[in-house]
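Thanks for making the time this morning.

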Amino acid sequence: MRSKQSNKPKLLWIQGVTCNGNSHSFLNLPSLERLLDSFELLYHPTITTKYSLEDITECKIASDIVIFEGTYDPKMKRNDISIEKLLHFYAKNAKYIIAAGSCASFGGMFKAVSPERNSGILFNEEQKSGPLCSLEKKVVNLSGCPIHPEWMAYVLEMIAIDREIVLDELHRPVELYSNLAHHGCTRNEYFEWKVDTKGFGFKEGCLFYEQGCRAPMTHASCNKILWNEVSSKTRIGTPCFGCTEPGFPRRNLFRTQTNMSIPQDVPLGVPKRSYLTMTGIAKTFHIKRLEGKLIDYKKTH
Amino acid sequence: MARITKEERKQGIISAALKLFSERGFYITTIPDIAQKVGMSVGNFYNYFKSKDILAKELVIYISEYLGAEIRQINERDITTQEKISEIVSMYFDMAEEKPEMIEYFLRVYLSNREVFSEGCEGMICVSAFVTEMMMFFDDGVAKGDLRNQDFFSAFGLFMGYLGGMVFLFGEKILPEPLEWYKKSISQNIYHALKAE
């Protein structure tokens with residue numbers, strides 16, 4: 001049933017256990033229409049497509065690109081066909097398999113439903129033990145809860161122009177995941193001088209010390225490629241939850257884990273001893289400009 | 001005979017100044033006193049330290065780094081948290097007996113003359129090596145489940161305030177027994193106060 005009218009790469013989006021979050025996020029891509037013009041979209045659960053779910057579950061159509069959203073649960077069924085069968089059929093015939101979101105990448109939120117059975121399609125948290133191990137060279141992980149639509153657009157555009165996508169050890173594109181969510185955070189000056197925020201939703205202060213922010217140890221470009229083109233969690237005063245990392249979700253997302261007031265985890269690659277030395281010294285200084293509201297500091301009254 | 005290097009000279013000044021400051025007090029001790037004790041001219045002294053205040057700050061950093069290095073060695077040993085407490089107590093009391101000027105300086109000069117250290121030695125700046133190592137100790141103890149997770153300064157004050165107090169009593173010749181005699185019971189007290197419930 002290969003289409004004869006189109007030379008465009010065929011694209012198929014299927015789902016395991018999911019909240020549809022990545023689909024919804026993807027639909028927010030401003031250039032969605034233009035992007036999809038480069039592909040022949042066979043099936044997507046929330047977009048009108050050439051084929052229905054019934055057609056797809058017959059497992060007769062091959063697709064060049066398979067996007068899998070949601071946690072892999074081999075026993076879950078779509079139209080009475082197991083996810084195991086669906087995924088294996090489409091994966092073996094595809095050139096690229098994209099895991100959309102942290103559930104598909106590492107197991108994520110819905111791994112908790114059945115922790116011993118569910119996983120990502122290639123990884124189970126950090127262990128490469130998912131169902132697509134034999135096809136691992138084809139797998140691109142786009143972790144995130146949800147993914148940023150531009151991250152998916154980047155991968156699809158690279159495929160459309162036949163360019164190599166360089167991946168990290170967790171199969172995430174380095175172009176998108178070599179940054180930390182901390183890079184580009186508007187609160188960096190507060191982080192440098194160790195000034196805490198007074199609570200959630202404030203413009204001033206750093207969320208790392210009390211509010212649970214994971215940005216200094218989370219690979220993501222959320223503060224570089226902004227959400228809805230304007231913002232990010234940390235910019236509006238919510239901590240980064242570290243949703244792109246294999247350990248997501250953690251417990252107590254809104255609270256920094258400390259041992260005797262000392263952060264349990266310190267910025268990535270920084271020895272704890274060095275971090276504590278630097279923090280202790282930085283905390284010594286009281287910088288009036290950073291203590292109150294920035295707009296008040298300059299007010300002449 | 002080998003010439004004394006500049007670094008050795010500097011060490012000589014640090015040792016002499018520590019002794020004089022801790023015995024006589026910061027304000028009474030003068031630069032000519034220190035220069036005389038190390039056998040150098042006052043003019044030459046200024047080649048090493050530009051002022052008495054700068055020397056005072058250098059001495060705090062010197063003590064903090066010395067203590068920090070000692071505690072780091074204990075932190076890096078493969079022993080239990082309870083054993084680490086005993087080792088830290090033991091090291092601190094040995095230091096108070098063998099190099100009393102170091103702890104005397106810390107207690108009688110640094111903590112008692114804050115105005116000297118108000119610029120350039122604020123907060124943790126000059127004692128960071130020592131405090132950082134205590135943070136590493138507490139962090140590790142909580143992470144291993146040995147110590148109760150609580151506020152850092154509450155725990156730090158209990159540990160170091162206790163040791164400082166005992167050394168002060170020792171210095172005042174109030175303690176009926178030598179410091180060695182108290183090591184075991186004080187280590188036990190600290191452990192019982194800080195251990196996880």
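This is a predicted model: local features need pLDDT of at least 70, side-chain atom pairs count only at pLDDT 80 or more; totals for chains, interfaces and linings use all residues.

**A helix in chain B**

Helix α9 of chain B, residues 179-194, has 16 residues and runs 22 Å from its first C-alpha to its last, close to the 22 Å expected at 1.5 Å a residue; the expected span here is 1.5 Å times one less than the number of residues.

Residues are numbered from 1 along each chain as its sequence is written, while chains are lettered from A and ligands numbered from 1 in the order in which they are written.

Back to α9(B), which has a kink of about 30° centred on B:Ser185, where the bend at a residue is the angle between axes fitted to the seven residues ending there and the seven starting there. Which residues of α9(B) are buried? They are B:Leu179, B:Ile186, B:Ser187, B:Ile190, B:Tyr191 and B:Leu194, with buried taken as 20 or more other C-beta atoms within 10 Å of a residue's own, exposed as 12 or fewer, and partly exposed as in between, the C-beta atoms being placed from the backbone. The cover over these buried residues includes α5 (81-98) and α8 (152-171) of chain B.

Chain B as a whole has nine helices and zero strands. For its 197 residues a compact globule would have a radius of gyration near 16 Å, and the 18 Å of chain B agrees with that; the radius is taken over C-alpha atoms, and the globule rule is 2.2 Å times the number of residues to the power 0.38. The C-alpha trace spans about 60 × 40 × 35 Å along its principal axes, and 32% of the 197 residues are buried. Among contacts in chain B between residues at least 6 apart in sequence, 71% join residues at least 24 apart, a contact being two residues whose C-beta atoms, placed from the backbone, lie within 7 Å.

**Chain A and its strand β1**

Chain A, by its secondary structure, has eleven helices and nine strands. Its radius of gyration is 22 Å, close to the 19 Å of the globule rule for 301 residues, so chain A is as compact as a globular protein of that length. Of those 301 residues, 40% count as buried.

Two strands count as paired if DSSP finds at least two bridges between them. β1(A) pairs in the parallel sense with β2 (residues 40-43) of chain A over three bridges, and A:Leu11 stands opposite A:Leu41 there. β1(A) also pairs in the parallel sense with β3 (residues 65-69) over five bridges, where A:Val66 is the bridge partner of A:Leu12.

**Backbone details and the interface**

Most residues other than glycine have a negative phi, and most peptide bonds are trans. Against that background, the bond from A:Cys145 to A:Pro146 is cis, with omega near 0°, and A:Pro146 lies in the loop between β7 and α6 (149-160). A cis bond also joins A:Phe248 and A:Pro249. A:Asp80, in the loop between β4 (77-78) and β5 (81-82), has a positive phi near 70°, and A:Asp80 counts as exposed, with 6 C-beta neighbours inside 10 Å.

Finally, twelve residues of chain A are in contact with 18 residues of chain B. Helix α10 (residues 272-284) gives the most to the chain A side, with eight residues. That side divides into four nonpolar, five polar and three charged residues, where Ala, Val, Leu, Ile, Met, Phe, Trp, Tyr, Cys and Pro count as nonpolar, Asp, Glu, Lys and Arg as charged, and the others, Gly among them, as polar.

Methods. Helices (H or I, at least four residues) and strands (E, at least two) are DSSP runs, numbered from the N terminus.
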